[in-house]
There are 2 protein chains.
Amino acid sequence: MQEIDLIINGGKALLIDSENTCLDRASVAINAGDIIAVGHTENIAKQYHAKKNIIAKDSLIMPGFVNCHTHAAMTCFRGIADDLELMDWLNNYIFPAEARNVNKELAYWGSLLAATEMIKSGTTTFCDMYIFEDETARAAKTAGMRCLIGEVLFDFPSPNFKTPEEGLAYTRALIEKWEDDPLINIIVEPHALYTCSPALLIEAKKLADNYNVSLGFHLLENAAEKKQLEEKFGKSAVSFLKDIGYLNERMLAFHCVCLSEEDMRLFADHGCKTGHNPASNMKLASGVAPVPDMLKAGITVGLGTDGCASNNNLDMIKEMSTAAKLHKVARLDPTVMDARTVVRMATIEGAKALCMEKTIGSLEEGKKADIIIIGLNEPHLTPLYNEYSHLVYAMSGADVDTVLINGKIVMENRKLLTINEEEVMQKVREIAVKVKQSLRK
Amino acid sequence: MQEIDLIINGGKALLIDSENTCLDRASVAINAGDIIAVGHTENIAKQYHAKKNIIAKDSLIMPGFVNCHTHAAMTCFRGIADDLELMDWLNNYIFPAEARNVNKELAYWGSLLAATEMIKSGTTTFCDMYIFEDETARAAKTAGMRCLIGEVLFDFPSPNFKTPEEGLAYTRALIEKWEDDPLINIIVEPHALYTCSPALLIEAKKLADNYNVSLGFHLLENAAEKKQLEEKFGKSAVSFLKDIGYLNERMLAFHCVCLSEEDMRLFADHGCKTGHNPASNMKLASGVAPVPDMLKAGITVGLGTDGCASNNNLDMIKEMSTAAKLHKVARLDPTVMDARTVVRMATIEGAKALCMEKTIGSLEEGKKADIIIIGLNEPHLTPLYNEYSHLVYAMSGADVDTVLINGKIVMENRKLLTINEEEVMQKVREIAVKVKQSLRK
């Protein structure tokens, strides 16, 4: 009998494989960070003996959630301003707050608070765009979280760089620094087509191509942006992207609220990836992305929360519920975005969006052990007719009991093992005092 | 110094009074079920000495949520069928499951499970419509919850009555039985205009008038119902209601997705009340109620979850988030349904909808002590710039620590004091086994 690191024993397991297998009395065998076997508890027990066993009775075992779009450090601005016109919100609150406060310290502690919140609601991988991303990488390492992160690039200066060239150089340094890290992955991230010159967009693409990494950016978040870009380019934004050679399988566009039929065809033909952020799109009144049509066209759609200034949480279980319901009412069709489709968007489809589907997103032999265990013995999850339904329509982030990332237990029975929660909250509260003062100036 | 039953000490308090007061370092003094004083901790400490003190440091003290529309016992059908066409869902799942399974036992245990879930997410009062409502009353008494409940009335037989006359008689008996109860209140509840004959509607109205109780029913839940009723009556449903004398301050209409400008004017002129159920309206693809217009017209709008077959939870914090975001995206206006408006809908406006605003809905001297205490020392609630924003956009039902109803502590530090959770879940699981079997027939 083989001795291995860890066995998770005796729960229901949603594998999120191509057959959408749900196993009763399942066990997952883990060694050296990898899932080495998934199967019925008796079979696993016959083959393996583990140094540590986690009993997952009355629990659901599944892959951790993949949050496809965050601005992690913006936890520091959570709830600073809501319910405002977009330009009022940006120009009078978010931009001044950022310009006066974002530094390495805020980036690190804000990102670590985000990691805390994400682990506690079952997210094991996040894709981040913000400023001083090396600090976000450091926070993810501390937390033991997997991530794909990029420094936001635009034409104007940021708190981290004076010129776009400096931003590109910082990104290149990030790629080289974290190249061999098991958890940290780097993406090149020009902010958007309305904040980056064509020259910057092209340089960013070259950088991504040189290192064979993903290229992510905000795209067509609302009708005003669509109009502005059409006027700027004399053609649709997606046609422009095609012309500058952007459309490929490593391209990841966030939001995509205003995609046309033709845009979708181009995305599908080129294997482009997208991230859907329904709560942010609702809260900022951006509109409803044509996700059912995107799925029908064969486009990979991951799910993301966006940042804490525009959501205001990083809870993928809330996001699944929002995604499932929004499209039903928008189309007056209760059959679109069924629970299973949405759970897949939050796991394996998200992994595909980040080009990580060979590593994460399902409970399958050979994948990394990014696994969450959710307690089912709760009044709001009783009775249990259908696991997917509960995940999307009844569950809460607080139901997540235990989280493993890369085979390491980062939360056990709701106790975080990698992060000092109280310290992180205290640091962010101190930062928030300064943020508040800065807005009074 | 006066000796009293209980003081809640040292938290932030959202009073939900007409000035939207938020007190720092607040205390609430409670005696014989009533709030006898609310004020700064030092002032309360000078005046009162309590038999029991609850320390609410790092917490938010506020009135409990009022859930304006539930079908409590339908917890037994939570997740039995989702993502289906309305008529497929009703005719092939919900109606057969109900016809074959609803009895007193299901009504009691299903309602008690609902009460468990509601208390654990901060709801202190619910307005219920279902079958065997005397069992729901009994469950609410067990749980120590406040409620306004009514037996659903329609022309066809129910598991509880063969004729509408029997349903009316059952309702009258409920009113008389629970007349002097401090927690249980009865409402007369014809199901809807498409399931009740005008004769039944008129008898129901007479009954409500005789006892001076509220009259509640589903109204204009989707466009198909609107069309059907217009064809049936040769006029709008609300005009018909006016003709039969329905429009008054004790009328409470659930859903109201398809209200016209003229309907809203009539409702406002007559002081009619409404219950808004955004999650259910989204999940069933019913449409978006014109709530911002209803509020502008001066109509009282409470918030409700609807039943667990169409939501699938009873969490008012989730419902607030949904309400705030849905209308923003539906109108492409981020300023509608701001967080404060939504929190008021879930508390004092809900109390008004149930004609209970003199008793509950705010933390004010003389009102019943229906109070919740929410822990703020959580990563997803850090930092704290604005309490209303966190309630609507960041919080989770699981953040509710302690719940008082009518001055009695029903949950303390997440431990239920009136209900044996494990027993309730076990009973409902046994019922669910039968429900599942019944659908295989």
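Q: Happy to start with a sheet. In which sense do S8(B) and strand S9 (residues 184–186) of chain B pair, and over how many bridges?
A: Good place to begin! In this predicted model, S8(B) and S9(B) pair in the parallel sense, with three bridges between them.

Q: Which other strands does S8(B) pair with?
A: Strand S7 (residues 123–130) of chain B is joined to S8(B) by six bridges and runs parallel to it. One pair to find is B:Phe126 with its bridge partner B:Cys147 in S8(B). S7(B), helix H4 (residues 133–143) of chain B and S8(B) form a right-handed β-α-β unit. S8(B) is also joined by two bridges to strand S10 (residues 189–190) of chain B, again running parallel. There, B:Leu153 has B:Pro190 as its bridge partner in S10(B).

Q: Is strand S8 (residues 146–153) of chain B mostly covered or exposed?
A: For this, count the buried residues along the strand. S8(B) is mostly covered, with eight of its eight residues buried.

Q: Let's turn to the two chains. How are the copies related?
A: Superpose one on the other and read off the turn and the shift. Chain B can be laid on chain A by a turn of 180° and a shift of 0.0 Å along the axis, with an RMSD of 0.0 Å. The two copies are therefore related as by a two-fold rotation axis. In chain B, the C-alpha nearest that axis belongs to B:Ala398, 3.2 Å from it. The same surface serves both copies, as 98% of the contact residues of chain B recur in chain A.

Q: How many residues does each chain bring to the contact?
A: Chain B brings 56 residues and chain A brings 55 residues. Helices H3 (104–120) and H12 (316–331) of chain B are among the elements giving two or more residues to chain B's side. H16(B) gives the most, with seven residues. By class, that side has 25 nonpolar, 16 polar and 15 charged residues.

Q: And within chain A, where are the domains?
A: Domain 1 covers 2–63 + 369–414, and domain 2 covers 76–353. Their C-alpha centres lie 29 Å apart. Their contact takes 20 residues from domain 1 of chain A and 25 residues from domain 2 of chain A.

Definitions and conventions:
Residues are numbered from 1 along each chain as its sequence is written. Chains are lettered from A and ligands numbered from 1 in the order in which they are written. This is a predicted model: local features need pLDDT of at least 70, side-chain atom pairs count only at pLDDT 80 or more; totals for chains, interfaces and linings use all residues. Two residues are in contact if their C-beta atoms, placed from the backbone, lie within 7 Å. Helices (H or I, at least four residues) and strands (E, at least two) are DSSP runs, numbered from the N terminus. Ala, Val, Leu, Ile, Met, Phe, Trp, Tyr, Cys and Pro count as nonpolar, Asp, Glu, Lys and Arg as charged, and the others, Gly among them, as polar. Copies are superposed by least squares on the C-alpha atoms of residues with pLDDT of at least 70 in both. Domain bounds come from an automatic or database domain assignment. A residue is buried if 20 or more other C-beta atoms lie within 10 Å of its own, exposed if 12 or fewer, and partly exposed in between; C-beta atoms are placed from the backbone. Two strands pair if DSSP finds at least two bridges between them. A crossover is right-handed if, with the strands pointing away from the viewer, the path from the first strand over the helix to the second runs clockwise.
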